[in-house]
Amino acid sequence: MIKVLTLLHRNPELSASEFRDYYETHHCLIGEKYLAPHATRYLRRYPMSASSESLPEFDVMMEVWFESEAQVAAAQAGMATDEAKAEIEADEQKLFDRSRSKTFTVLDCESDLTH
């Protein structure tokens with residue numbers, strides 16, 4: 001399993017609740033449109049804390065799971081078409097501070113806590 005994570009920052013013109021609402025009711029539908037043929041999971045993780053001092057310096061962690069490198073490449077190719085890029089970038093301009101986005105692939109190491 002290949003997991004691609006992106007740390008995203010909201011457009012400063014949006015409140016945290018406006019950001020989350022727009023992402024979940026509009027932007028994620030665009031993601032689903034381009035990811036569904038290739039990815040197995042598409043998650044958005046919003047940090048929550050009792051204290052604003054302990055919140056991380058991002059507004060959402062997007063996580064996309066793929067079965068293979070070929071599926072990652074196919075998703076990237078689908079999102080690289082002129083039509084897809086225009087749609088994605090126009091919506092991202094409304095939602096994100098794109099200059100601060102960071103994307104990386106992660107390796108999971110899990111402990112068995114049942115023993």
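**The sheet and its strands**

The 4 strands form an open sheet in the order β2-β3-β1-β4, with antiparallel pairing; strands here are DSSP runs of E with at least two residues, helices are DSSP runs of H or I with at least four residues, both numbered from the N terminus, and two strands pair if DSSP finds at least two bridges between them. This is a predicted model, in which local features need pLDDT of at least 70 and side-chain atom pairs count only at pLDDT 80 or more, while totals for chains, interfaces and linings use all residues. Residues are numbered from 1 along each chain as its sequence is written, and side-chain values use heavy atoms, with hydrogens and water left out.

**Exercise 1.** Find the order in which the elements of the protein run from the N terminus on.

*Solution.* Begin with the inventory, which is 3 helices and 4 strands. Then follow the chain from the N terminus, where the elements run β-α-β-β-α-α-β.

**Exercise 2.** Trace the pairing across the sheet, and state how many bridges join each pair of strands.

*Solution.* Start with β2 (residues 39–45), which pairs with β3 in the antiparallel sense over 6 bridges; within this pair, L43 stands opposite E63 in β3. Next, β3 (residues 60–66) is joined to β1 (residues 2–8) by 7 bridges, and these two strands also run antiparallel. Finally, β1 and β4 pair in the antiparallel sense over 5 bridges.

**Exercise 3.** Decide whether strand β3 is mostly covered or mostly uncovered.

*Solution.* Take buried to mean under 20% relative accessible area, exposed over 50%, and partly exposed in between, with a 1.4 Å probe and protein chains only. By this rule 6 of the 7 residues of β3 are buried, and the strand is mostly covered. In the protein as a whole, buried residues make up 34% of the 115 residues.

**Exercise 4.** Is K3 buried or exposed, and which residues is K3 in contact with, leaving aside its neighbours within four places in sequence?

*Solution.* First locate K3, whose place is in strand β1. Its relative accessible area is 12%, and therefore K3 is buried. Then list its contacts, where contact means heavy atoms within 4.5 Å: leaving aside neighbours within four places in sequence, K3 touches E63, V64, W65, F104, T105, V106 and D108.
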